[in-house]
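Dear colleague,

I am handing over the structure we spoke about, and below it you will find what came out of a first reading. Please keep the two side by side as you go through the notes.

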Amino acid sequence: MSTSTRPGMPTAALVGRHAVIATTPSVIFTLLAAPGEHAGLDGTGEVRGVVEGPERLGPGSVFRMRMKGYTTTNTVVEFEPDALIAWRHRGRHVWRWRLRAVPGGTEVTETFDYTAKRARRLVELTGVPKRAGTAMDRTLTALRARFV
């Protein structure tokens, strides 16, 4: 977790993990931009499939996912082809993926950003950041396994 140096600005609330995956940023971005692929990559065990939305995400895309016991609506809020994609849930937290070509493949950085979440302290007290980190480890392991 990092802090802001400007008075009045909220402290950043981020959980992140990264790994090098043995393929190109374009191949990984194609998976991330396809909501139909998310259940196969999900490390939380919650994502079941797409309820509605485009086959390929773009800037501002809205898509609904079936989760274990509920559905969630997501909006793409950051989008740079083959480099960055992020979507925000109605709870205001953001799942962000950054991709960077490196020797041996692509450095993939996944972050759970709950800086804008109204109930940040509750998120922390209920252990969500720790669970998010564990889920990201599983997600990156699943992604890595696709390209071994």
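Which residue in E7 stands opposite Val15? In this model, which is predicted, the residue opposite Val15 is Phe112. The strands concerned, E1 and E7 (residues 105-113), run antiparallel and are joined by eight bridges.

That pair belongs to an open sheet of seven strands, which follow one another in the order E1-E7-E6-E5-E4-E3-E2 with antiparallel pairing. Because E1 (14-21) and E2 (47-52) each have a single partner strand, they stand at the edges, and one side of each is left without a neighbour in the sheet. On average, and with direction ignored, neighbouring strands of this sheet are turned by 25 degrees against each other.

Two helices that pack on the sheet deserve a look. Helix H1 (residues 25-32) touches E1, E4 (70-80), E5 (84-89), E6 (94-102) and E7, and its direction makes about 165 degrees with that of E6. Helix H4 (residues 128-145), for its part, touches E1, E6 and E7, and its direction makes about 15 degrees with that of E1.

Conventions
Residues numbered from 1 in each chain as written. Predicted model: local features only at pLDDT ≥ 70, side-chain atom pairs only at ≥ 80, totals over all residues. Heavy atoms only, no water. Pairing = 2+ DSSP bridges. Helix = DSSP H or I, 4+ residues; strand = E, 2+ residues; numbered from the N terminus. Axes fitted to C-alpha atoms, helices over the stretch in contact; angles between N-to-C directions. Contact = heavy atoms within 4.5 Å.
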